[in-house]
Amino acid sequence: MYKYMENLKKIFRGLWVIGLTLLSVSAFASPEALSPDVRSKEFSLSRKSLALNGYDPVAYFQEGPKKGSKDLSYTFNGVLYYFFSEANRAKFIENPYQYEPQYGGWCAWAMFDGGGRTEANPESYKIIDGKLYVFYDGFFGDTLALWNAKEDDEKLIKTADQYWAEQVSR
């Protein structure tokens, strides 16, 4: 009987560890693992589920922000994007994660600063290590200027990534 109880304890401990592992993995779920409904709730979107206020996400990596057209649109996992050209639309379809804004299009400075989900101005942006970051620029100031004044993109991104992971897991 004693050996039977010891084996049961080992089984329960194993199940406990597996459960904790699954919980921790879900907290850092990749965008691919999120359903379109959940994923679109994480993005800064207009009422029509439109990302970046209609700016073409691929254009940022070429000549800078340009407004897209609803005639050249594509919905990726519940998030609608407009594009300036068919070529940009095709590039996005080929590799959407390369072009999507970080932190769901919310202000990167707010993610670093723990300020929550703050609307970003799609014309205030920075490309860092091949990723698009957008920033608030309005009545309360220019957060891109604050970001650039820190002169440490790596540290800022690390802190912002941690905060974003907490936000997404809520």
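What follows is a chat about this predicted model.

Q: How many helices and strands are in the protein?
A: The protein has 7 helices and 6 strands. Keep in mind that this is a predicted model.

Q: And what pattern do they follow along the sequence?
A: Reading along the sequence gives α-α-β-β-α-α-α-β-β-β-β-α-α.

Q: What share of the residues counts as buried?
A: 36% of the 170 residues count as buried. The accessible surface comes to about 10400 Å², and 56% of that belongs to carbon and sulfur atoms.

Q: What about contacts, how much comes from residues 24 or more positions apart?
A: Taking the contacts with a separation of 6 or more, 57% are between residues 24 or more positions apart.

Q: OK, on to the core. Which residues touch the most other members of the largest nonpolar core?
A: Those are Y81, Y103 and W147, in a core of 36 residues. At least two residues each come from β1 (69-76), β2 (79-83), α5 (108-113), β4, α6 and α7 (153-169). α7 gives the most, with 6 residues.

Q: What is Y81 in contact with, beyond its neighbours within four places in sequence?
A: Quite a list: F43, L50, A51, L52, P57, L72, S73, Y74, F92, E100 and P101.

Q: You mentioned α6. Which of its residues are buried?
A: In α6, which runs over residues 143-150, T143, L144 and W147 are buried. They sit on the same side of α6, because they cover an arc of only 105° around the axis. W147 is also one of the residues that touch the most other members of the core.

Q: Switching to strands: in what sense do β3 and β4 pair?
A: Antiparallel, over 5 bridges, with β3 at residues 121-128 and β4 at residues 131-135. The two form a hairpin with 2 residues between them. In the turn, D129 has a positive phi of about 50°.

Q: Which residues face each other there?
A: K126 stands opposite Y133 in β4. N121 has F135 of β4 as its bridge partner.

Q: Is β4 mostly covered or mostly open, and what's the count? How many of its 5 residues are buried?
A: Mostly covered: 4 of the 5 residues in β4 are buried. β4 also supplies at least two residues of the core.

Q: Last one, Y99. Where is it found, and is it buried or exposed?
A: Y99 is found in helix α4, residues 96-99. Y99 counts as buried because its relative accessibility is 9%, and the cut-off for buried is under 20%.

Q: What does Y99 touch, leaving out residues up to four places away in sequence?
A: Y99 touches P57, V58, F61, K91, F92 and L132. Y99 and F61 are 38 residues apart in sequence, with their C-alpha atoms 8.1 Å apart in space.

Notes:
Residues numbered from 1 in each chain as written. Predicted model: local features only at pLDDT ≥ 70, side-chain atom pairs only at ≥ 80, totals over all residues. Heavy atoms only, no water. Buried < 20%, exposed > 50% of the residue type's maximum accessible area, 1.4 Å probe, protein only. Arc of directions from axis to C-beta. Contact = heavy atoms within 4.5 Å. Areas by Shrake-Rupley, 256 points an atom, 1.4 Å probe, with all protein chains shown as cover. Pairing = 2+ DSSP bridges. Core = buried A, V, L, I, M, F, W, Y, C linked by side-chain atoms within 4.5 Å.
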